[in-house]
Amino acid sequence: MTAAPATDTPTRPPAATTEALEKRSTETIPLAERRGRPLHLAWTWSAPNLEFATIFVGVLSTLAFGLTFWQAAAAIVLGNALAALSHGVLSARGPAVGVPQMVLGRIAFGYRGNIVPATLMSVMAGFGWFAVNSVSAAFALAALTGLAPVVCLVGVVLVQIGVAALGHDLVHLFERYAVVVLAVVFAVVAVMTFAAADYSAPAATPGGLGGFVLATATAWGYSAGWNPYATDYTRYLPLGAGRAAGWAAAVGLFVSTTVLMLAGAASVSIPGATSDNPTEAFTSHLPGAVAQVTLLAIALGAICANILNVYSGSMSFLAMGFTSLARHRAVVPLAFGVVGFFLAWAGLADAGHAYESFLLVIAYWIAPWLAVVLVDQWVRRGQDASPVLHDRGWKNASGVVALSVGTVVSVLLFANQEAYAGPVATALPQLGDLTALVGFVLAGALYLVLPRRPLPAA
């Protein structure tokens, strides 16, 4: 969907200097301030995935879900391809609408109804993902330096919230330069890991169809976890750059996640990993110098991911309607960093188990949210939605109903977690966890058939 017919015509904005401190918040970015190149989205979405959290998804696919390498590879490619496709579609809208993704969600859910997904996004990005990635960075630095993980955690958190607080331009700049270092290091690590792996190794406990479904859902949940961030990083691009931005974002996300997840899946078959520190166990097959550099890269990659998490988490928080805080955007990442630090500290003890559950729960709400957003984009294609983006009176109950029903029904019937297993999952455990798939189909179908409030005439 385009914000207005005129947005299809490429324009060249006046030159704009990089802002040391971002002045804008959730408002529509004026055309005079549009800047940047679509190609940069490839680096923006590669850097944050070149980290251990990505690798560990591959580790889970073989170690926890009982798949052989080739079965895991099929699940990883399928999950990441689906997530990258939707990420490209969403990212392509940024130049036309000029607002963050959670502000754009007001079209489908209404101004107040959008508070539900915006809250979920704030918690997921600003707290959940922040804690997960901070833990992996802290473990890597602890293995590298010999310092206590909590000491390393403090240093990591300070860097992350500092860059995110400064805003959009510094975020892009940091990711663009960091990706060069990360790509070189992880390319070497991936080659060495693939060379040492035993691809004929059987699964310790065959997971069957259920394991494949879980692995696919976990890979999709990780990569699609970036979907609610999409237009946050394309809203400053000039008009007409949407298609190129969408392709760059999709390719950057797919390649980075797929290569590292495959390396993680392959690493499980390499003997000799005995450390309780998961990052140290992954690098145990590497020569000493390479292992040390890899640990440093793991920390840098986690920082790259969390800079985006804190920035987009704060955008989502502001999109909930806190207009007074919007004038002080830089303060929100600081608050998120403090809360995220304590969550990460609590997660140091059992990082692997907590991560597996977290990835599946992410997919539980993102799937129905994504279905509603994509269907809304399709049915309203070609219409001008700009009048409702900041209209506090705009309502669209159908979006909230579809999201709620899709989420609640799919979780109650199909969830397959230790804390709760739905009746379908209990009766047919061999199917794994179908919550995300059912939630996506149900929410999308409901929103398609429910009456939607028409957009006001421009």
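Helix axes here are lines fitted to C-alpha atoms over the stretch in contact, and the angles between them run from 0 to 180 degrees between N-to-C directions. With that in hand, here's a look at a predicted model, in which local features need pLDDT of at least 70, side-chain atom pairs count only at pLDDT 80 or more, and totals for chains, interfaces and linings use all residues. Residues are numbered from 1 along each chain as its sequence is written, and side-chain values use heavy atoms, with hydrogens and water left out.

**Overall picture**

- The protein has 19 helices and zero strands; both are DSSP runs numbered from the N terminus, with helices being H or I of at least four residues and strands E of at least two.
- Of the 458 residues, 57% are buried, meaning under 20% relative accessible area with a 1.4 Å probe and protein chains only (over 50% is exposed, and in between is partly exposed).
- Take the contacts (heavy atoms within 4.5 Å) with a separation of 6 or more: residues 24 or more positions apart account for 86% of them.

**The α2/α10 pair**

- Helix α2 (residues 52–63) packs on helix α10 (residues 208–224) at an angle of about 170°, and their axes are 9 Å apart.
- On the α2 side you'll find A53, T54, V57 and S61, which meet A215, T218, A219 and Y222 of α10.
- By class, this contact has five nonpolar, three polar and no charged residues; Ala, Val, Leu, Ile, Met, Phe, Trp, Tyr, Cys and Pro count as nonpolar, Asp, Glu, Lys and Arg as charged, and the others, Gly among them, as polar.

**A75, another partner of A215 and A219**

- A75 sits in helix α3 (residues 69–91) and is buried, at 0% relative accessible area.
- Beyond its neighbours within four places in sequence, A75 is in contact with L67, F212, A215, T216 and A219.
- A75 and F212 are 137 residues apart in sequence, yet their C-alpha atoms are 6.1 Å apart.

- S256, in helix α11 (residues 242–267), counts as buried because its relative accessibility is 5%.
- The S256 side chain makes a 3.5 Å polar contact with the side chain of N49, and one of its polar atoms lies 3.2 Å from the backbone oxygen of L253.
- Outside four places in sequence, S256 touches W45, S46, N49, L50 and T54.
- D376 belongs to helix α16 (residues 351–379) and is buried too, with 2% relative accessible area.
- The side chains of D376 and Y447 make a polar contact at 2.5 Å, and I107 and A108 also touch D376.

**M320 in a loop**

- M320 lies in the loop between α13 (288–319) and α14 (323–326), and at 16% relative accessibility M320 counts as buried.
- Leaving out residues within four places in sequence, M320 is in contact with I115, A118, T119 and S122.
- G113 is 207 residues from M320 in sequence, but the C-alpha to C-alpha distance is 9.4 Å.

Methods: Polar contact = N/O pair within 3.5 Å; in protein donor to acceptor, adjacent residues only side chain to side chain.
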